[in-house]
Amino acid sequence: MSKTLVAYFSAESGSTKALAETLAMVTGADKFEIVPAKPYSKADLNYSNPLARCNREQIAKKDVPIAGTVVNMADYDTVLIGFPIWWGVAPRIIETFLESYDFGGKTILPFCTSGGSGVGRSDTELHKNVSGDVKWGKGVQINRPNETEIKKWLGIVL
């Protein structure tokens, strides 16, 4: 039987967390919240400030250390990876997460939330951070957890 993990990073609004929780419920998957080792403050997430930590990390393409690990990653066949869109792509912490594990033989399905843009190039940019034989599913943006939309995306019979 296939085992699924929903791994996600959620910023201040909690939209991505809500979506991840709905995905886990619909699929019966385990959840792993991707949390930065140094938590973001409100000032760190002030996207309008070019000197804010979130902007500096994106521009400099810096790794963002993660608190905790998925201890049994080898047990999962499918990994749904969720994030808010930052600058048209996934936040750097998602790239750090992808570089931290062997995803060989797994299916990865990216999902995102965004207040102003779609999936953009985030879907294909993530491929650069994973080596080996990985099957990539089409990334999707879902801003409001909707069980019907989720089942349609995942091909679950309604």
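Student: What does the side chain of Glu 57 make a polar contact with?

Tutor: In this predicted model, the side chain of Glu 57 makes a polar contact with the side chain of Tyr 40, at 2.6 Å.

Student: Where does Glu 57 lie, and what else is it in contact with?

Tutor: Glu 57 lies in helix 2, which covers residues 53-60. Leaving aside neighbours within four places in sequence, Glu 57 is in contact with Lys 62, Val 64 and Arg 92 as well as with Tyr 40.

Student: Does Glu 57 count as buried or exposed?

Tutor: Glu 57 counts as buried, because its relative accessibility is 8% and the cut-off for buried is under 20%.

Student: You mentioned Arg 92, so which residues are buried in helix 3?

Tutor: Arg 92, Ile 93, Ile 94, Glu 95, Thr 96, Phe 97 and Leu 98 are buried in helix 3. That is 7 of the 8 residues of the helix, so helix 3 is largely enclosed by the rest of the structure.

Student: Moving on to the largest nonpolar core, which of its residues touch the most other members?

Tutor: The largest nonpolar core has 31 residues, and those touching the most other members are Met 73, Ile 94, Phe 97, Leu 98 and Phe 103. The elements that give two or more residues to this core are strand 1 (4-8), strand 5 (78-84), helix 3 (92-99) and strand 6 (107-113). Helix 3 supplies the largest share of the core, with 4 residues.

Student: What is Phe 97 in contact with, leaving aside its neighbours within four places in sequence?

Tutor: With those neighbours left aside, Phe 97 is in contact with Ala 7, Phe 32, Ile 34, Ile 66, Val 70, Met 73, Ile 81 and Phe 103. There is also a second, separate core of 14 residues, which includes Tyr 8, Ala 20, Leu 80 and Phe 111.

Student: New topic: how many disulfides does the structure hold?

Tutor: The structure holds 0 disulfides. Cys 54 is in no disulfide, and the nearest cysteine sulfur, that of Cys 112, is 17 Å away. Cys 112 is likewise in no disulfide, its nearest cysteine sulfur being that of Cys 54 at 17 Å.

Student: Are those cysteines buried or exposed?

Tutor: Cys 54 is buried, with a relative accessible area of 1%, and Cys 112 is buried, also with a relative accessible area of 1%.

Student: And the overall layout, how many helices and strands?

Tutor: The secondary structure comes to 5 helices and 8 strands, and from the N terminus on the elements run β-α-β-β-α-β-β-α-β-α-β-β-α. The radius of gyration is 15 Å, close to the 15 Å that the globule rule gives for 158 residues, so the protein is as compact as a globular protein of that length. Along its principal axes, the C-alpha trace spans about 45 × 30 × 25 Å.

Student: Last one: what happens at the start of helix 5 and just after it?

Tutor: At the start of helix 5 (residues 147-154), a side-chain oxygen of Asn 146 reaches to within 2.9 Å of the backbone nitrogen of Thr 148. Just after helix 5, Gly 155 takes a positive phi of about 70 degrees.

Conventions. Residues numbered from 1 in each chain as written. Predicted model: local features only at pLDDT ≥ 70, side-chain atom pairs only at ≥ 80, totals over all residues. Heavy atoms only, no water. Polar contact = N/O pair within 3.5 Å; in protein donor to acceptor, adjacent residues only side chain to side chain. Core = buried A, V, L, I, M, F, W, Y, C linked by side-chain atoms within 4.5 Å. Buried < 20%, exposed > 50% of the residue type's maximum accessible area, 1.4 Å probe, protein only. Contact = heavy atoms within 4.5 Å. Disulfide = S-S within 2.5 Å. Rg over C-alpha atoms; globule rule 2.2 N^0.38 Å.
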